[in-house]
Amino acid sequence: MLIYSMLTYRFMVVALIVAILLGIALPLVGSLAVYKRLSTSGEALAHSSLAGIVIGLVSGLNTLAMSIVSCIVAFLIIELLRKRFHKYAELTITVVLAVSIALIGILSGYTNTNNFQSYLFGSILLIEDSLLYVTIALVVLILLFNFIFFPQIFSSYYSESESKVSGIKVPVINFIQGVLLSLTIAIGQKVVGLFVVSSMIILPTAISLQLKKGYLFTTISSVVFSVSSMVIGLVISYYLNIKPGASILLVAVSFLFMTLSYSIIRSRIYRKRRD
């Protein structure tokens with residue numbers, strides 16, 4: 001009954017649909033950052049996306065387009081520097097993050113404060129139909145890519161060198177994943193904000209990894225945890241009148257603590273049985 005009353009409003013129905021779509025997309029594209037041990041790349045790309053938005057606000061250009069362009073450029077720079085300084089991959093991400101924060105700090109003073117803050121915390125309850133259609137198209141692309149190239153993606157995560165020997169075009173796979181990640185961050189930031197996007201890229205996979213199952217199970221369960229966090233967080237925000245981004249993150253962190261507790265308890269039981 002509680003959810004039914006919420007769905008009598010069209011804007012809440014649209015918000016719920018977009019929340020589910022992003023819940024599917026974020027862990028699928030975020031796995032690249034997790035398995036490559038570049039978890040901070042999500043934060044760097046999110047800040048570069050915000051820098052693009054600020055540039056758009058200042059120049060009068062389309063903010064979504066500028067966000068996408070800056071996010072893709074940042075990803076390409078990270079990849080270029082990561083290959084150049086392979087042993088210091090984390091440093092390349094820090095450089096991009098620092099430049100993005102500097103641009104945001106300088107240019108944000110020339111923007112409207114309310115417009116700027118909406119991109120920090122998102123505006124999931126004020127989604128235009130055009131953004132809904134773009135999100136649907138993006139999720140379809142991500143699902144198709146992961147379904148068609150699932151074996152190649154898994155192989156590249158397991159061992160890039162072995163994948164290259166077996167004929168898999170790892171750089172192409174990584175590039176497509178990076179572009180999809182950049183698009184998801186740019187669109188997701190406009191909907192749920194910088195803080196939620198940068199966190200939900202990593203959290204669902206981190207939650208699922210605590211269950212210590214196979215790659216396929218981890219991928220599917222990360223989507224389940226992500227969608228659940230989005231939906232439950234949105235419902236809580238509606239009835240408690242709080243920001244959706246904050247409630248979504250709290251639900252996701254709660255799931256993380258639950259799976260961590262389960263993992264610890266299971267390990268202790270296993271040790272006792274072995275002793």
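**Notes on the model**

At 36% relative accessibility, isoleucine 232 counts as partly exposed; the label covers what falls between buried, under 20% relative accessible area, and exposed, over 50%, with a 1.4 Å probe and protein chains only. Before I go on, the ground rules: this is a predicted model, where local features need pLDDT of at least 70 and side-chain atom pairs count only at pLDDT 80 or more, while totals for chains, interfaces and linings use all residues. Residues are numbered from 1 along each chain as its sequence is written, and side-chain values use heavy atoms, with hydrogens and water left out.

Back to isoleucine 232, which lies in helix α13. Helices here are DSSP runs of H or I with at least four residues, strands are runs of E with at least two, and both are numbered from the N terminus. Not counting residues up to four places away in sequence, isoleucine 232 touches Val251 and Phe255, where contact means heavy atoms within 4.5 Å.

Asparagine 241 has a positive phi of about 55°, although it is not a glycine. At 71% relative accessibility, asparagine 241 counts as exposed.

Now the whole chain. The protein chain has 14 helices and zero strands. How does its radius of gyration sit against the globule rule? For 275 residues a compact globule would have a radius of gyration near 19 Å, and the protein chain has 19 Å, which agrees. That radius is taken over C-alpha atoms, and the rule is 2.2 Å times the number of residues to the power 0.38. Along its principal axes the C-alpha trace spans about 60 × 55 × 30 Å.

Of the 275 residues, 49% count as buried. Among contacts between residues at least 6 apart in sequence, 76% join residues at least 24 apart. The accessible surface comes to about 14300 Å², and 69% of it belongs to carbon and sulfur atoms; areas come from the Shrake-Rupley method with a 1.4 Å probe, and for residues only the protein chains shown count as cover.

On charges, there are 19 positive and 8 negative side chains, and the centres of the two sets lie 8 Å apart. Lys and Arg count as positive, Asp and Glu as negative, with His and the chain ends not counted. The place of a charge is NZ of Lys, CZ of Arg, CG of Asp or CD of Glu.

Take isoleucine 124: leaving aside neighbours within four places in sequence, it is in contact with Ala15, Ala19, Val191, Val192, Leu234 and Pro244.

Some threonines are buried too. Threonine 135 is found in helix α7 (residues 129-148) and has a relative accessible area of 1%, so it is buried. Threonine 135 and isoleucine 187 are 52 residues apart in sequence, yet 7.2 Å apart in space, C-alpha to C-alpha.

Threonine 205, in helix α12 (residues 203-209), is buried with a relative accessible area of 2%. With neighbours within four places in sequence left aside, threonine 205 is in contact with Pro27, Ser31, Val34, Tyr35 and Ser222.

Where does threonine 111 lie? It lies in the loop between α5 (89-107) and α6 (113-121), and at 14% relative accessibility it counts as buried. Threonine 111 and valine 54 are 57 residues apart in sequence and 7.3 Å apart in space, C-alpha to C-alpha.

Last, tyrosine 157, placed in helix α8 (residues 150-158). Tyrosine 157 is buried, with a relative accessible area of 12%.
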